[in-house]
Amino acid sequence: MRGISKSFGSNMVLKDVDFALDGGEICALLGENGAGKSTLMNVLGGVFPADSGEIYIDGQKLEFTKPADSLAAGIAFIHQELNLINDLPVYENMYIGRELRVSGKRHGLLDLVRERRETEEMFRRMGMDLDPSAMVRDLDASYKQIAEITRAVMMNASLIIMDEPTTSLTDPEIDRVFRMVRALSEQGVGIVFISHKLREVTRLCTRYAVLRDGRMVAEGDVASVTTDGLARHMVGHDVRTESLQRERRLERSVLRAEGLSDSAHFRDISFDVRAGEILGITGLLGDGRSELFLSIFGAGSDYTGQVYLEDRPIKLGSTTQAIGCGIAYLPRDRKENGILKDMDILENGSITVWPIISKFGFIDKTRQGSLFDAQVKKLRIKMGRGTDIITSLSGGNQQKVVLSKWLSRNPKALILDNPTQGVDVGAKEEIYDIVMRLADERVAIIVLSSEAQEVIRLCDRVIVMYHGAVTGEVSGSRMNEHNIMRLATGAVDP
Amino acid sequence: MEAGGDSGKRNFITWFMRNWRTRPLFSTGAVLAAMVVLQTLALGFDFPSFGDWLVRWLMNWNNILRNNAGIGIISLGMTFVIISGGIDLAVGSTLVAIGAAVMVLIDTGPNGILIRTGLTGIPAYLVAIAAGVAFGAFLGQMTGLLVTKGKMPPFIATLGTMKICRSVTQHFMQGYTPQVPRGFLQIASFPVAGHLVMPIIYWLFFAVVFYIISKRTAFGRQVIAVGSNERAARLSGVNVQHVKRMVYTLMGAMVAFSAILQVSRIGSMDYANAGSGNEMDAISAVIVGGTSMAGGRGFILGTVFGTLIIAVMNNLLNLLGVPPFLREAFKGVIVIGAVLLQKRESSS
């Protein structure tokens with residue numbers, strides 16, 4: 001790709017970008033949110049054309065105006081939101097749009113037997129143990145990813161673009177996907193790997209390219225660079241990686257649980273968070289931590305056992321009650337659980353305060369505005385006007401808006417579920433800062449995260465869960481990735 | 001000067017197109033304005049004096065508004081239902097059920113309920129109105145319960161209640177024609193400065209109330225939140241079930257007002273046909289007004305415009321002498337056109 005430029009309205013997203021990839025290379029495409037990574041790959045994937053610039057495949061100049069064009073040229077784009085149909089079995093998904101017909105006729109009946117057999121054959125060749133007849137709905141996230149990659153391979157893709165494939169994956173799942181990606185690169189397939197997770201990049205990729213503000217600012221071999229160096233390229237200045245914990249006076253218990261169990265997701269869970277403490281809870285997919293806290297928050301399954309808020313037993317029947325007694329829950333998957341896409345920024349940040357600032361049902365707009373403005377300042381939210389739509393903000397700022405709606409209620413206990421998911425490096429640091437400040441303000445904080453590094457940096461101690469049960473707790477010097485991983489995989493005793 | 005005028009024209013066009021694309025209320029408003037111009041032209045200017053023309057024009061408008069006040073009021077409730085992500089197919093049938101109940105209450109014949117308790121005149125009317133609205137709200141609550149506690153898709157739930165309400169009403173009202181007292185007819189036909197405008201006033205009143213609810217109250221905003229992202233709303237402490245129940249309850253109350261209006265205008269009700277098609281007319285008005293069927297995005301003012309667009313178009317077709325059977329086709333065209341317009345907005 002040479003000299004690619006692209007503008008949306010007056011906003012120039014790509015400025016004269018060059019990008020090249022050889023077969024067999026795994027190239028990390030890095031950059032903060034809004035740096036232009038997705039735009040560049042959308043141009044390559046034929047989602048929309050560039051304003052100027054040229055694309056060459058195997059030395060041949062091509063023009064892509066629709067995804068089918070680039071697919072025909074051997075480029076497969078695996079989007080973050082996977083393109084699989086949940087209600088069809090895996091093998092039918094493999095052939096969507098190019099179904100096999102009985103006896104090769106163009107309009108014949110589907111040859112499901114052959115589709116199934118060939119899919120099975122393909123999985124075997126790639127060393128993936130995956131049942132082709134499984135419904136996509138029942139697959140876990142990594143196998144969905146693998147199915148999607150397999151489909152790209154079956155379409156003879158010579159270049160596969162993967163947009164943040166590991167966001168919703170746990171570590172063993174990531175390993176599984178990575179094994180597959182390496183195998184493909186050995187077969188000469190070029191891979192573009194868009195990611196925020198620098199450690200993954202150094203593990204998997206051979207080359208890197210960093211975009212910042214629509215320009216290519218650095219390129220090279222991954223072997224010759226450190227994660228700190230990459231992070232510096234992305235943000236344009238140094239990034240801290242040391243632990244953020246510090247001595248804080250721990251006081252009374254704020255949120256305590258004794259022997260919580262539900263019918264499916266978690267068993268016999270006890271914990272105690274004090275004012276000013278940051279408790280981390282981590283584990284792999286299926287550990288039940290989100291379900292546990294949704295239940296405590298009054299939005300999940302029913303449970304046995306007892307929850308205490310400031311030593312008073314409580315049982316919350318609804319989220320409304322939970323908020324009323326000072327518990328806040330920042331859910332994971334911002335797009336699905338956090339954002340009200342039809343509402344403006346101000347309302348997204350104010351929905352939780354309506355019950356307390358309304359008189360006779362009427363919202364006091366002045367108070368709504370001043371409460372939100374205070375959070376905008378406190379959280380340093382970068383935004384235009386409050387009446388702009390929420391989706392006009394970057395991921396990090398959207399997350400801050402979602403967080404702001406909770407902080408406006410001055411919670412005693414704040415539960416953060418994957419608080420930095422889909423957030424760029426700079427915003428991540430800012431969110432960490434905010435969490436530390438809240439702890440200093442005596443809020444009891446629980447951080448649920450699938451990233452061991454995140455809980456290590458942020459938390460005073462970490463509880464590790466495995467298949468719905470607590471396998472251990474680590475703190476101080478024993479709080480390292482090695483110990484956490486052993487507990488998270490059920491290999492007890494740190 | 002001329003060059004300025006030319007660029008002024010171009011500026012106007014770009015301004016117009018930008019607003020047309022980005023602001024649903026602007027585009028529905030523009031369509032309505034165009035309809036009104038066409039309708040005015042169709043009415044013609046063949047009158048002895050400007051005064052005569054004006055009187056004729058105003059009378060025509062009075063008719064349009066009065067005839068559509070009932071459906072206009074239902075459409076207001078429907079807007080909330082659709083914004084919340086639901087639908088109510090039962091409004092035509094609940095209208096008949098509520099209308100029948102009100103008529104049985106105020107019947108001056110031997111079976112009238114209130115007259116047997118000795119209640120007549122204005123107190124009886126007030127009781128009947130209150131009971132009718134309560135009944136409507138109750139039916140709405142039931143729908144709301146089916147949708148929330150019963151976890152039923154609103155389409156199915158209201159399909160069921162639609163069948164039940166009309167059928168039960170028809171059965172119990174067989175061979176029974178209540179006598180609606182003259183006084184009750186005053187509700188719709190009480191003259192204001194010599195004109196029959198009460199239905200228009202009710203409609204306007206409810207439109208203003210709904211507008212304020214949707215813009216200024218926590219409930220109104222929560223309806224939008226629920227329609228926009230139910231999970232996110234619930235996790236933000238919105239009592240989603242309560243909001244949904246209230247939406248259908250309000251809908252029921254609006255149907256009740258519409259039913260009372262209809263009873264007081266006509267003094268009788270045809271249980272088999274009254275209100276049939278109301279659900280589709282109300283949904284059409286809401287959709288034409290720019291509210292998204294997917295929920296989360298909607299406009300009370302748009303619904304008023306939508307109701308008027310369909311009403312003015314009917315009037316226009318009438319003035320132009322288009323055969324009555326063909327008129328429904330034009331309604332269909334308007335609805336499809338409105339949805340195409342919405343599609344273009346969301347994809348751009």
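In this predicted model, strands β19 (residues 413-417) and β20 (residues 444-449) of chain A run parallel, joined by 5 bridges. As a reminder, strands of a sheet pair through backbone hydrogen bonds, either parallel or antiparallel.

Zoom out a bit and that pair sits inside an open sheet of 6 strands in chain A, ordered β16-β19-β20-β13-β21-β22, with mixed pairing. At the edges you'll find β16 (327-330) and β22 of chain A, each pairing on one side only. From one strand to the next, the twist averages 20°.

Now for the β22 end. Here β21 and β22 of chain A pair in the antiparallel sense, and A:Arg461 stands opposite A:Ser475 in β22(A). The two strands make a hairpin with 2 residues between them, and A:His467 in that turn has a positive phi of about 45°.

| Strand pair (chain A) | Residues | Sense | Bridges |
|---|---|---|---|
| β19 and β20 | 413-417 and 444-449 | parallel | 5 bridges |
| β21 and β22 | 461-466 and 469-475 | antiparallel | 6 bridges |

What about helices? Helix α9 (residues 289-296) of chain A lies across β13 (278-283), β16, β19, β20 and β21 of chain A, and runs at about 145° to β20(A). Helix α15 (residues 395-407) of chain A also packs on the sheet, where it touches β16 and β19 of chain A. The direction of α15 makes about 170° with that of β16(A).

Technical notes. Residues numbered from 1 in each chain as written. Chains lettered and ligands numbered in written order. Predicted model: local features only at pLDDT ≥ 70, side-chain atom pairs only at ≥ 80, totals over all residues. Heavy atoms only, no water. Pairing = 2+ DSSP bridges. Helix = DSSP H or I, 4+ residues; strand = E, 2+ residues; numbered from the N terminus. Axes fitted to C-alpha atoms, helices over the stretch in contact; angles between N-to-C directions. Contact = heavy atoms within 4.5 Å.
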